[in-house]
Amino acid sequence: MRGKIIKSIAGFYEVHTGEDIYRCRARGVFRALGVKPLVGDDVEIEVTDTVSVPMEGNVVRLYPRRNELVRPNVANVDQALLIFAITHPAPSYNMLDRFLITMHQKELPAVLCFNKQDLATEEEIRELRETYESCGCKVLFVSVLSPETLGGLREILRGKTTVLTGPSGVGKSTLINTICPGARMETGELSRKISRGKNTTRHVELLAGEEDTYLVDTPGFTSLYLMNMEAQDLRHYYSEFDEYEGKCRFDGCVHLREPGCAVRAALEEGKISRIRYKNYSELFEELKNRKPDYSSKKSGMRSKT
Ligand SMILES: Nc1nc2c(ncn2[C@@H]2O[C@H](COP(=O)(O)OP(=O)(O)O)[C@@H](O)[C@H]2O)c(=O)[nH]1
Ligand SMILES: [Mg+2]
Ligand SMILES: [Zn+2]
């Protein structure tokens, strides 16, 4: 039977087969081959016990991995979803850009979802939409308290494994509970009280929704480093600069203080978002001032060939 590893605890793997969950051990052959099954792996299991609770089996085969995220350590991730509130709390644009750049580096499609549409003004929504659609990302506005606003998001998540991240208080747990009803995440003030008292190092877990839909809640994913990048390459991650590339007076213009800069001219004309440009210049400074040995691989992606 085919399934997906959704959790790994103390040598056991929980395998979700669409209908049931089996507690499995991996066959010794994997250890002999030096392969360790990973959360997110698609596997073949052989069922050994359907009477006990949970039912039991053995992982007998691993299907090829499409990719592997290092932190969180999950295989076969299709996309990353950043969830922010439009307001309460207001978005951190700096974190938003880090997220987009990091996903671009990992070659993981990024989706931005702004929640709490019910609390926002038309003007706030319009500004966010213009800013982030012009940089070429998928942008959704929802209110997770109103199921009728969630159609587009459900469609994007359906049949995929999505890592979900965002700051506290934006509605992540509420969203997970809606998409994956079995998850029963604590929401609101209560969840903050619980997480404060708890050791925050948690096991990675896939939460199952309908039809091969899985979510990975990754609170630690929000502290994103910009890895393996030179400051002068940052501009290539701002796709709204692309049409001005080569039009500045100086070759290799980084669009900051150089005279005759086409990007800055576009900024003055309102063709480039001030929010995005401000983040660009801040991140540029950060990269430029970074010590050369600060090239942490902590949230990198290993590609499997
Ligand atoms: N007005 C409004 N409140 C929301 C919405 N989504 C979540 N909330 C509230 O925001 C608070 C934080 O939600 P929670 O899911 O715990 O956020 P998390 O910290 O990101 O997991 C809770 O009190 C929710 O009821 C929404 O769409 N609109
Ligand atoms: Mg939460
Ligand atoms: Zn320039």
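**Figure 1. Residue classes in the shell around ligand 1.** The shell around ligand 1 comprises 11 polar, 4 nonpolar and 3 charged residues. The structure shown is a predicted model. In total, 18 residues surround ligand 1. Gly171, Lys172, Ser173, Thr174 and Gly188 are the closest of these residues.

**Figure 2. Helices contributing to the shell around ligand 1.** Helix H5 (172-179) and helix H6 (188-197) each provide at least two residues of this shell. The largest share, 3 residues, is supplied by H5.

**Figure 3. Helix H8 and its buried side.** Helix H8 spans residues 274-288, a run of 15 residues. From the first C-alpha to the last, H8 reaches 21 Å, close to the 21 Å expected at 1.5 Å a residue. Its buried residues are Arg276, Asn279, Tyr280 and Leu283. An α-helix has 3.6 residues a turn, so residues three or four places apart point the same way.

Figure 4. On the face turned away from the buried side, H8 carries the exposed residues Arg274 and Glu285.

**Figure 5. Context of the close-up views within the chain.** The secondary structure of the chain consists of 8 helices and 14 strands. Of the 305 residues in the chain, 31% are buried. Among contacts between residues at least 6 apart in sequence, 67% join residues at least 24 apart.

Key: Residues numbered from 1 in each chain as written. Chains lettered and ligands numbered in written order. Predicted model: local features only at pLDDT ≥ 70, side-chain atom pairs only at ≥ 80, totals over all residues. Helix = DSSP H or I, 4+ residues; strand = E, 2+ residues; numbered from the N terminus. Expected span 1.5 Å × (residues − 1). Buried ≥ 20, exposed ≤ 12 C-beta atoms within 10 Å, placed from the backbone. Near = placed C-beta within 6 Å. Nonpolar A, V, L, I, M, F, W, Y, C, P; charged D, E, K, R; others polar. Contact = placed C-beta atoms within 7 Å.
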